[in-house]
Amino acid sequence: MHKILVAGALALAATTPYPAQAAAAEAVTTAPVTALPAPTGPYPIGKVDLHLVDRGRPDPWVTGRDARELMVSLWYPAHRGTGRPAPYLTPKESELVLKGVPQLKDLPSDTLARTRTHARADAPAVRRKGGWPLVVLSPGMTLPRATMTSLAEEFATRGYLVAAVEHTYESVATTFPDGRTVTFEAGKAGQTPETGEKVARVRAADTAFVLDELDRSRRWNALIDERRIAMVGHSVGGQSAAHLLPDSRRIKAVVNLDGTYNPRIPAQPLDKPFMMIGNPRHQPRSGGPDGSWDTFWPHVTGDWKRWLTVTGAEHMSFIDYAVLQPQLGLPKTPIDGERAIAITRRYVTAFLDLHLKHKPAPALDGPSPDWPEVRFW
């Protein structure tokens, strides 16, 4: 599990070593305009937020809560309409994400809540015979589900229904419809194999419950092709998805975006399609600080697997913070944020198209001169 950053992990730009950090960023005093890159597919996008309550399971992180409450965002192909732009974060979520980042202390607290997205709230969904393939997203520790919006919008505009799960108390900020905002509680005792195993168990149970609820929903069940479900996770979300893959009868394929494995060995071998994409410290025998990818890889035994790294990438290069950090005035990473998002979209979409839609994916056959940053191992 990656280092827990209760400040919402925007502060990672100030703690991960790369040359741009030689000089600390000056405090930002004016409100920047933050925006996500436009998706590239043909469909307009709708978005809905769901509040789901698992009354059969007490919350695993906070004592005294007899039910596990989750927030889930759904993105989907939509009819073109005039609905309002879907918000990125609530004002309170924005405040808590920014709160622990010293360079951003003078920003208006709702800066991230005003981030421009490309979905319309509650836009009418496009129906398709047999339903759309479903992609479940699981964010990194302390990170709100919104941090995977650039990927969610890209998948939805290309013909997928996307469900991003907020793992309550594992995010720095989660706002519920009644106005409550709760914050991070999980893993405060530190990084241990026991904590990693618990996070993986909790996220597996969260994911199973969300899939059950979508299956029971008259509104959403008709939009989902339950034979075609994949999961994409970032950081601890990626390692948890990897550990879930062998046990789940519904999840057919998984992508791990830069997630360190903790525990390092799965309980069962992974025999379904699996891809992991990471920063250069996850190269084979790189001498990186954990080496968990080297340990985990022999247990991926399926006929289709890929191990990729992206030159110049850092931990946040695979999610929205790749573009939001420089927009907020934080140090840039060696790889441009827009380029990093484009790479992640390209290779993950190719993976989904291949394994959920059975479409050719030449991008995954090997290195490309158009994408020289991407290395195959």
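The radius of gyration is taken here over C-alpha atoms, and the globule rule is 2.2 Å times the number of residues to the power 0.38. This is a predicted model, in which local features need pLDDT of at least 70, side-chain atom pairs count only at pLDDT 80 or more, and totals for chains, interfaces and linings use all residues. Residues are numbered from 1 along each chain as its sequence is written, and side-chain values use heavy atoms, with hydrogens and water left out.

**View 1. Overall dimensions of the protein.** For 377 residues, the rule gives a compact globule a radius of gyration near 21 Å, and the 19 Å of the protein therefore agrees. Along the principal axes, the C-alpha atoms fill a box of roughly 55 × 50 × 45 Å. Buried residues (under 20% relative accessible area, 1.4 Å probe, protein chains only) make up 62% of the 377.

View 2. Helices (H or I, at least four residues) and strands (E, at least two) are DSSP runs, numbered from the N terminus; the protein has eight helices and 12 strands. Five of the five residues of β9 (residues 253-257) are buried, so this strand is largely enclosed by the rest of the structure. Ala253, Val255 and Leu257 point one way from β9, while Val254 and Asn256 point the other way.

**View 3. Pairing of β8 with β9.** Strands pair if DSSP finds at least two bridges between them. Strand β8 (residues 224-234) runs parallel to β9, and five bridges join the two. Valine 232 has valine 255 of β9 as its bridge partner.

Terms used:
Buried means under 20% relative accessible area, exposed over 50%, partly exposed in between (1.4 Å probe, protein chains only).
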